[in-house]
Structures are given as C-alpha cells and as structure tokens.
Amino acid sequence: MAASTQKVSRYTPQEWRNLRLGLIFVSPWVLGFLIFTIYPLLSSLYYSLTRYDLLRPPVFLGVKNYATLFFDDPHFWNVMYNTLYYVGVSVPFGVAVAFLIANLLNSDVVGRSFFRGVIYVPSIVPAVASAMVWQFLMNVQYGAINGILRYFGLPIIPFLSNPGWAKPSLILVAIWAQGAAVVIFLAALQDVPRSLYEAATVDGANLWHRFRNVTVPLTSPIILFNLIMGLIVAFQEFTVPWLLTEGGPMNSTEFYLVHLYRNAFEYLRMGKASALAWILFLIIVSFTVVIFRSSARWVYYGGDK
Amino acid sequence: MTSIASENRTAPAPKYHYDSGRRWQTFLLEFAKYAILIPLTISFAFPLYWMISSALKVDSQVFTVPPILLPYPIHPENFIKGWQILPFTRYAVNSVVFYTVPAVVFTVLSSTIVAYGFSRLRWPGRDTMFWLVVMTMMLPWAVTMVPLFITFKWLGWLDTYRPLVVPALFSHPYIVFLLRQFFMTLPEELSDAARIDGASEFGILFRIILPLTKPALAVVALFRFLWAWNDYLGPLIYLRDENRYPLALGIEQLSRRANDIGNFSNGIPYLMAVSTLVALPIIVTFFFAQRTFIEGISVTGLKG
C-alpha cells in the first residue's frame with residue numbers, strides 16, 4: 001500500500017489512466033504469464049525436490065533427485081551425451097547449410113521462389129507425416145535410399161538400426177526441415193544494400209571477400225537469431241526421435257525430451273522429470289547467455305538497429 | 001560512380017583480358033550455382049515426392065530393387081482404403097473442431113488485444129513488461145510441461161482438448177510479438193484522430209487498426225493453424241481415449257498397425273496415403289498463401 005501511494009505522487013492522473021488502460025489490454029498475457037509460466041516454473045522447482053507419482057502425495061526429498069541424476073545414473077549422462085551430440089552437430093551444421101542455401105538463392109537465380117518453396121515446405125509439413133516417410137525411406141530392407149544404393153552395388157546403410165548411424169540420420173532429418181531458417185536468411189540477405197557489394201567490387205574484393213566482409217557481418221544478427229532459436233528447438237527435439245527410433249537402437253537416440261517424457265508419462269516419476277526439466281532449463285539458459293555474450297565480438301549492429 | 005569511371009580510365013590496356021577471364025569466371029560460377037542448387041532441391045523434394053508416389057503403390061511395387069520412381073499402374077483407391085482402416089474422419093473432425101479452430105480464434109483474438117496494449121498505448125512500465133514477453137518466447141516448454149499436466153489432471157481436463165486450447169485465451173508471446181511489429185508500423189495520427197472524435201481504445205482497435213492489419217492477422221492465424229494441426233506432443237500427453245485423437249495421433253496409430261507385418265497388406269502405401277492427406281492442407285495452403293508464409297517468417301527474423 002505504501003508503495004502504491006508513493007507511486008501516486010510519481011504519476012500524473014493521466015499517466016494513471018494510461019497505466020490502467022494498458023494493463024487492461026495486456027491483462028490476458030499477465031494472467032497467462034502467472035498461470036502458465038510463473039506458477040509451473042515454481043511448482044516444477046518444488047516437484048523436483050520430491051518423489052511424486054500422481055497417486056500418492058509428493059514426498060519431500062531435498063536435492064536427492066539431482067544428486068542421483070548427477071552421481072548415480074549413468075543413463076542420464078548417456079542422454080546428456082546424445083543430446084549435446086545432436087545439438088552440437090545439427091544446430092551449427094543446420095544454420096551453415098541454411099545460410100549457404102540462402103546465399104545461393106540470393107544471387108540472381110532463375111525460379112528463386114520455386115526453389116525457396118521446395119526447400120521451405122518440409123519445415124511446415126506435420127512432423128508425424130515426415131517421420132513416417134523418413135522411417136520408410138531409411139528402412140534397411142525396403143527403404144528407397146538403400147534400394148538405390150543396392151542397385152548401384154553400394155553397401156547399404158543401417159540408418160536407424162545401428163547406434164552409430166542413428167544420430168547422424170536424425171540430424172539429416174532435422175536439416176531437411178531447416179527451411180524456415182533459409183527463408184529468414186534470404187529475407188535478411190535481400191536487405192543488404194547492393195551498393196555495398198558494388199563498392200567492395202570496385203575496391204577489388206573477390207567473391208569470398210564480399211561474402212566474408214559484407215554478407216556475414218551484415219547478416220550476423222540473423223545468424224545469432226537462428227543459432228539461438230535452433231538451439232532451443234534442438235535441445236527439446238521430441239517428435240522425430242520418438243517416432244523414428246523411440247530412443248533406440250541401444251539408447252543412442254534417447255534425447256533429453258524423450259527421456260523426460262518417458263520418466264514423466266510412462267514411469268510417472270514427476271519429481272525426477274521435474275528435476276530433468278530444471279537441469280535442461282539451466283543448460284539452455286547458460287548456452288543462450290554464452291552465445292549472447294560472445295555475440296558482442298562477432299555480431300555487427302549497424303547504426304539503425 | 002566516379003571511382004568506377006576513373007578506374008576504367010587508368011587501366012584501359014588489360015581490360016580485354018580481364019573481361020574474358022571474368023566472363024569465364026561468371027560462367028563457371030553460374031554453372032556451379034545450379035550444379036549445387038538443383039540436386040539440393042531434388043533431395044529436399046524427394047521425401048515428400050516419395051510419400052505421394054508410394055501412396056499410389058501396392059505392396060508388390062513397394063518392396064523392389066531398384067525402387068520404382070514412377071508407379072504404374074497407380075492405385076488411388078489407397079487414399080480411401082487407408083483412410084477407412086481407422087476412423088480418420090473422426091480424427092479430422094477432432095483436429096479441426098476441437099483443436100485447430102478454437103486455438104486459432106482464441107490466440108488471434110487475445111494476442112491482438114495484448115499486442116495493442118504493447119504497441120498503440122503508452123503507459124509506464126510497458127517496455128519492461130514487453131521485454132518479459134520476449135523472454136518467455138525463449139522459455140523451454142519442457143519446464144512447464146510436467147506441472148501443467150499435474151494442474152490439468154487436477155482440474156479433470158485429461159482426455160479433453162481444454163489443456164491445449166484454454167491457454168490460447170491468454171495470448172501467445174510469439175504472436176503478440178509479431179502483431180506488435182505490425183501495429184507499430186501504423187502512424188500514430190490514425191489513433192489520435194479517432195481519440196479526438198471520442199472513440200474508445202477498443203473501438204480504435206477493432207474499427208481502425210484491425211481492418212488495416214488484415215494481412216498480419218492472416219499471417220498469425222496461419223502460423224497458429226500450423227502449430228495446432230502439426231502438434232503431436234500436446235495431444236500425446238493429454239489424450240488417451242482413441243475417440244478423441246487428432247490426426248497426428250491417428251497416423252501414429254496407423255503406423256503401429258502397419259508395422260505389424262501380416263496385419264493387413266499394403267500397410268505402407270496406406271500409411272503414406274494418410275500421411276499425404278494430413279500434410280495436404282498444409283501444402284495446399286502454402287501453395288496459395290506463399291507470400292503470407294514468407295512474409296511472416298521474414299518478419300520473425302528481421303528483428304534479430
């Protein structure tokens with residue numbers, strides 16, 4: 001109450017009216033933020049300190065869930081390795097591929113919107129549908145890819161049935177669905193003023209120099225954006241590994257969210273699942289922070305941004 | 001401009017050599033460009049082509065080496081037969097009536113109001129609060145998944161679509177963000193004139209701003225439609241009763257049946273046929289609204 005009377009003196013009656021009106025308009029978000037973000041965030045922190053199977057009331061354990069995960073659960077470290085492998089390869093590689101495709105499309109290409117459309121569509125097709133096709137395509141016995149390999153007398157690839165191949169295979173599927181990043185990059189590239197390229201050419205810059213010294217710096221904020229968004233999505237990849245490999249073979253594609261889902265909704269270990277969720281949350285936050293910090297060194301913000 | 005002219009004047013002699021080398025370079029570059037782009041595009045298109053072409057085959061055309069690229073004779077009846085193996089019409093009704101439509105309507109309506117408050121009204125603390133909205137865009141949904149499930153279970157909402165559509169009433173940060181970007185581009189005088197005429201803020205939003213931002217509404221409605229139509233994890237968590245399944249869970253169910261070899265023949269063609277039918281609304285919408293899609297995606301990134 002005291003705080004609010006202090007504020008009365010700070011704001012004019014008009015500002016008060018504006019504040020009230022503004023809050024009325026954004027109130028759906030404020031309520032949603034409290035109900036669907038803040039409350040779950042805090043309650044999952046609480047559940048992560050308990051054993052809870054939904055049937056009996058939660059039993060308080062302290063940090064036991066975390067301690068067990070870190071020190072007494074080799075499976076957890078395996079899941080962590082799988083996830084970091086998947087994120088560490090698919091995100092940088094995916095962003096690089098998307099950036100290169102966008103650069104190709106940004107040069108004067110005949111039928112640009114056709115190419116762009118074909119590359120974009122896989123990213124909006126239902127993941128369930130694309131998982132079905134990829135499972136079929138990558139099948140060892142009757143998959144089209146191995147059918148083609150066999151026809152040419154090449155060795156077949158056990159895409160989804162070999163622990164060494166399963167992760168790269170899922171990364172391939174993820175990169176296939178990178179079309180949105182391509183479109184974002186292409187839009188950014190089209191915003192780079194032509195005059196800069198012309199000026200660089202006049203100064204004797206070759207293609208690589210122009211790419212390195214004009215294209216990359218001017219689109220670096222978008223590279224940052226795609227890296228971070230890609231990271232957040234890749235850490236939480238679920239549908240494709242769940243449908244394609246169900247975490248197998250030999251747990252080689254048991255990624256973080258697959259593991260979390262299993263614990264929460266198959267084994268009903270809500271406490272352990274919440275601890276897993278909080279660990280993931282902290283990992284994602286720290287990765288994001290590190291990338292943002294490093295971005296000061298490699299991201300170029302022009303005068304107007 | 002002047003520098004180009006001066007460069008041409010200073011070095012006239014080697015110009016011919018320079019130019020022919022350059023022409024070669026340009027030719028090679030053009031060639032390399034398409035030599036990369038065309039195979040790349042074919043590989044991007046191939047899986048979906050394979051889905052559609054396999055949907056038109058029978059088992060004897062599926063299990064062949066080399067794979068049959070152009071199926072003949074084709075079996076379009078797979079689309080009907082595959083659809084009838086499980087109650088896909090009911091799944092489609094569930095997807096549309098109980099999930100997609102309410103999710104789109106609720107999200108767009110609530111997010112419009114919220115975005116208006118964050119862009120066309122001036123009030124103390126607005127930008128700080130908007131910063132929070134942007135932060136929640138980056139919040140991993142995995143953290144809220146478990147406690148929300150517990151809450152919705154406690155409310156007795158399991159096996160209903162309420163956990164999936166009720167949150168849409170409270171706006172979506174990403175869509176608020178997009179709409180705000182659009183609202184900000186409209187001149188302030190527009191609102192001021194209406195305010196002087198005594199219009200309320202809700203009146204200004206619905207009578208002046210919204211008619212001017214129809215393309216933006218189309219963009220966000222399209223994206224929300226996409227998320228709901230494609231959602232798999234949400235229904236997987238909340239829906240157990242098969243009668244309430246949306247299409248995404250129906251496809252998974254069909255794949256389980258089809259993978260038990262011997263259950264019925266043409267399992268893969270049927271699975272591909274139904275997957276095609278479920279992906280089709282998306283592909284067709286993209287075909288007709290390509291510009292809307294591209295515009296929406298581009299605006300997303302351009303803020304950085």
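In which sense, left-handed or right-handed, does H6(B) pass H9(B)? The crossing of H6(B) past H9(B) is left-handed; a crossing is called left-handed if the near helix is turned anticlockwise from the far one by less than a right angle, and right-handed if clockwise. The model is predicted, with local features needing pLDDT of at least 70 and side-chain atom pairs counting only at pLDDT 80 or more, while totals for chains, interfaces and linings use all residues. Residues are numbered from 1 along each chain as its sequence is written, and chains are lettered from A and ligands numbered from 1 in the order in which they are written.

**Figure 1. Helices H6 and H9 of chain B.** Helix H6 (residues 126–137) and helix H9 (residues 173–184) of chain B have axes that come within 8 Å and cross at roughly 130 degrees. Axes are lines fitted to C-alpha atoms, for helices over the stretch in contact, and angles run from 0 to 180 degrees between N-to-C directions. H6(B) and H9(B) are therefore oblique to each other; angles under 35 degrees count as roughly parallel, over 145 as roughly antiparallel, 65 to 115 as roughly perpendicular and the rest as oblique. On the H6(B) side the contact is made by B:Val133, B:Val134, B:Thr136 and B:Met137, and on the H9(B) side by B:Pro173, B:Tyr174, B:Val176 and B:Phe177. Two residues are in contact if their C-beta atoms, placed from the backbone, lie within 7 Å. Seven of these residues are nonpolar, one is polar and none is charged. Ala, Val, Leu, Ile, Met, Phe, Trp, Tyr, Cys and Pro count as nonpolar, Asp, Glu, Lys and Arg as charged, and the others, Gly among them, as polar. Helices (H or I, at least four residues) and strands (E, at least two) are DSSP runs, numbered from the N terminus.

**Figure 2. Helices H9 and H11 of chain A.** Helix H9 (residues 179–190) packs on helix H11 (residues 207–235) of chain A at an angle of about 155 degrees, with the axes 10 Å apart. That makes H9(A) roughly antiparallel to H11(A). The crossing of H9(A) past H11(A) is right-handed. From H9(A), A:Ala181, A:Ile184, A:Phe185, A:Ala188 and A:Leu189 meet A:Thr215, A:Thr219, A:Ile222, A:Asn226 and A:Gly230 of H11(A). This contact of H9(A) with H11(A) has six nonpolar, four polar and no charged residues.

Figure 3. In total, 79 residues of chain B are in contact with 82 residues of chain A. Helix H2 (residues 15–55) of chain B gives the most to the chain B side, with twelve residues. That side of chain B has 56 nonpolar, 16 polar and seven charged residues. A:Val128 lies in helix H6 (residues 127–137) of chain A. Beyond its neighbours within four places in sequence, A:Val128 is in contact with A:Thr239, A:Leu243, B:Tyr232, B:Ala248, B:Ile251 and B:Glu252. A:Val128 is buried, with 26 other C-beta atoms within 10 Å. A residue is buried if 20 or more other C-beta atoms lie within 10 Å of its own, exposed if 12 or fewer, and partly exposed in between, with C-beta atoms placed from the backbone. A:Val128 and A:Val240 are 112 residues apart in sequence, and their C-alpha atoms are 7.3 Å apart.

**Figure 4. Helix H7 of chain A and A:Ile156.** The buried residues of helix H7 (residues 144–151) of chain A are A:Ala144, A:Ile145, A:Asn146 and A:Gly147. Just after H7(A), A:Gly153 has a positive phi of about 75 degrees. A:Ile156 is in the loop between H7 and helix H8 (163–176) of chain A. A:Ile156 is partly exposed, with 13 other C-beta atoms within 10 Å. Leaving aside neighbours within four places in sequence, A:Ile156 is in contact with A:Val140, A:Asn146, A:Leu149 and A:Arg150.

**Figure 5. Backbone details in loops.** Most residues other than glycine have a negative phi, and most peptide bonds are trans. The peptide bond from A:Gly248 to A:Pro249 is cis, with omega near -10 degrees; A:Pro249 is in the loop between helix H12 (239–244) and helix H13 (256–266) of chain A. The bond from B:Tyr72 to B:Pro73 is also cis, with omega near -5 degrees. A:Leu54, not a glycine, has a positive phi near 75 degrees, and B:Asp159, also not a glycine, has a positive phi of about 65 degrees.
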